[in-house]
Amino acid sequence: MMRRAPSPTGSPPVMPRPSRRAVLAGLAAGAAALAAPSVGAQTPGRVVVIGGGFGGATCARALAAAGLNVTLVEPSGTYVACPFSNAVIAGLREMSAQTFTYDGLKGAGITLAARAATAVDADARRVRLDDGTELPYDRLVMAPGVDMNFEALPGYDASAAGLMPHAWKAGEQTLLLRRQLETMKDGGTVIISAPPNPFRCPPGPYERASLIAHYLKTHKPRSKLLILDAKDAFSKQRLFTAAWAELYPGLVEWVGLSGGGRVIEVDPVTRTLVTEFDRHTADVANIIPPQRAGAIARQAGVADATGWCPIDPVTFESRLRPGIHVIGDAAIAGAMPKSAFAANGQAKVCAAAVVELLAGREPAPPKLVNTCYSLLAPGNAISIAGVYQPKNGLLADVEGAGGLSPQNASSEVRATEAAYAEAWFATVTGEAFA
Amino acid sequence: MRGLRRIALAGLVFLTGPAVAASPAPPGALSCGGCHPANPAGAIPSLAGRSAGEIVSQMQAFRDGGRQATVMDRIAKGFSDDETRAIADWLAARDAAPKP
Ligand SMILES: Cc1cc2nc3c(=O)[nH]c(=O)nc-3n(C[C@H](O)[C@H](O)[C@H](O)COP(=O)(O)OP(=O)(O)OC[C@H]3O[C@@H](n4cnc5c(N)ncnc54)[C@H](O)[C@@H]3O)c2cc1C
């Protein structure tokens, strides 16, 4: 039998061991009803989740496991994961290892609406889908991820991405960048344009630089990689910089904001990147543009002027629209980065909060964790970790915890971190899609 | 009747699926499952079957450097003794639920 941990607020446990009658009723109603007898077999809460990525899929499963009536809205029949997609670009991994279906979610009792959400009416508590269907909800969870902001960088729009891929949503874009690298001549110049904060996966551009450098060193050693950056500092900077000097000497060059690294305009036809003082022509140009919350978040009125969604750090409920929770990359999660690891933890905390709120109870303040691994080369990884808790209305770092891998770790430690990165990917994709 | 009870238990086990357990989790507990698999697999150990006492003492060792780690040392420092104990109790209780 399950035992209940003492509730963090000190109040008595709210869910008694179900009586046989409750068990029978639960069995009749499907085992799911048992999970949250306090939500009631009478009026199971209707929860709609928009977006079936790391945030939404994980949240939908946690909500369904708690006995709620869950509909997941996701137009794509498969999910292509971004973590490890930089290894695909560098020819070290195949897309099949990145690709997941929603079959497991159907098996978990979740109703799938294979449609895009086109509008949210927060007052009427309804979601409209692109076929006109309306889904009423008691609580809505939005996890639409990011959109590339095609209005932020002159010359860079959706069609330009067909020539200068962003590859910041895994899928066709990932494969396009890989093919461009494969067809590039030895001695060519690859340029990565890295965006200003905040953006999806803060160490991602630099992991990508490392693995592209590995590809170039192995296959096209006379080539160069230039990173033009809109920032003066970036995640794991000392670790990456040391690794580039050691593993890829003379191959990688990074130019930060104060060195004139910010790209202010691009010409996709000539693959030209314009900075404040210079023009660079690339053989392969990877433009990672500024980003913002997925369009549906902006339509629903949960995004603020920054383009991101302010939330309550205990419940992930929108500060702008009651009844709507926002998790994952779209949310302003304070010190937490926009990572799949963070989206997974937020999804479970948000689901627990939704269960409590629907039962008329107040959720207790959570603690969250993040660990982001970055590959420097095959079998060679570093990490950054953090622990977070609500403070002054935001998720803040727990002081004294977290931080980076050691600067001078042995190759054994780096190899262990690479193995942990793989194991993490298996677990986190399992929690979402298995 | 015994058969019925077994079905009921199986139902309860179903509820404790990998994503989240049915009881409100103490702060931080839901994060463990992001890396530690429900069943042994891969390089990161599963926490299933560990006693609360073992989890507490390992977390303590990660925190004070008594046990070497790549990342758990950095994470363990984010939790107090009381928080660690609550997480350990919750994990142990969840995993003590009978398997189908
Ligand atoms: C190159 C790269 C490497 C990365 N590496 C790592 C890593 O090593 N570790 C890590 O933790 N993170 C990593 N990340 C970050 C990680 O991919 C994201 O943080 C994560 O995907 C965020 O999850 P999410 O659920 O918020 O959004 P997503 O995973 O993007 O999911 C959003 C979903 O919402 C759907 N959607 C959007 N709009 C609608 C709509 N209107 N209606 C219905 N559905 C909609 C989309 O189809 C999509 O499936 C990496 C990212 C990149 C780009």
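**A valine in a strand**

Guide: To begin, A:Val266 is found in strand 14 (residues 263-267) of chain A. Keep in mind that this is a predicted model.

Visitor: Is A:Val266 buried or exposed?

Guide: A residue counts as buried when its relative accessible area is under 20%. A:Val266 has a relative accessible area of 4%, so A:Val266 is buried.

Visitor: Which residues does A:Val266 touch, not counting residues up to four places away in sequence?

Guide: Contact means heavy atoms within 4.5 Å. Leaving out residues up to four places away in sequence, A:Val266 touches A:Leu153, A:Pro154, A:Gly155, A:Tyr156, A:Met164, A:Thr272, A:Leu273 and A:Ile287.

Visitor: What separates the C-alpha atoms of A:Val266 and A:Val354?

Guide: Along the chain, these two valines are 88 residues apart.

**A threonine in a helix**

Visitor: Why does A:Thr429 count as buried?

Guide: A:Thr429 lies in helix 11 (residues 411-433) of chain A. Beyond residues up to four places away in sequence, A:Thr429 touches A:Phe54, A:Phe100 and A:Ala434. The cut-off for buried is under 20% relative accessible area. A:Thr429 counts as buried because its relative accessibility is 5%.

Visitor: Which residue has its backbone oxygen 2.6 Å from a polar atom of the side chain of A:Thr429?

Guide: A polar contact needs a pair of N or O atoms within 3.5 Å. At 2.6 Å from a polar side-chain atom of A:Thr429 lies the backbone oxygen of A:Phe425.

**Two paired strands**

Visitor: In which sense do strand 12 and strand 13 of chain A pair, parallel or antiparallel?

Guide: Strand 12 covers residues 224-229 and strand 13 covers residues 252-255 of chain A. One bridge joins A:Leu225 to A:Val252 in strand 13. Over four bridges, the two strands pair in the sense called parallel.

Visitor: How much of the ligand does the protein bury?

Guide: A polar side-chain atom of A:Glu74 lies 2.6 Å from an oxygen atom of the ligand, and one of A:Asp329 lies 2.7 Å from an oxygen atom of the ligand. A:Lys338 places a backbone N or O atom 3.4 Å from a ligand oxygen. Taken alone, the ligand exposes 1000 Å², and the share of that buried by the protein is 90%.

Visitor: Which helix gives the most to the shell around the ligand?

Guide: Helix 3 (54-65), helix 4 (85-89), helix 10 (340-358) and strand 22 (368-377) of chain A each supply at least two residues of the shell. With three residues, the one that gives the most is helix 10 of chain A.

**The two chains**

Visitor: How many helices and strands are there in chain A?

Guide: Chain A has 434 residues, and buried residues make up 57% of them. The chain holds eleven helices and 25 strands.

Visitor: What pattern does chain B follow along the sequence?

Guide: Chain B has 100 residues, of which 50% count as buried. Chain B has five helices and zero strands. Read along the sequence, the pattern of chain B is α-α-α-α-α.

Note on methods: Residues numbered from 1 in each chain as written. Chains lettered and ligands numbered in written order. Predicted model: local features only at pLDDT ≥ 70, side-chain atom pairs only at ≥ 80, totals over all residues. Heavy atoms only, no water. Buried < 20%, exposed > 50% of the residue type's maximum accessible area, 1.4 Å probe, protein only. Pairing = 2+ DSSP bridges. Polar contact = N/O pair within 3.5 Å; in protein donor to acceptor, adjacent residues only side chain to side chain. Areas by Shrake-Rupley, 256 points an atom, 1.4 Å probe, with all protein chains shown as cover.
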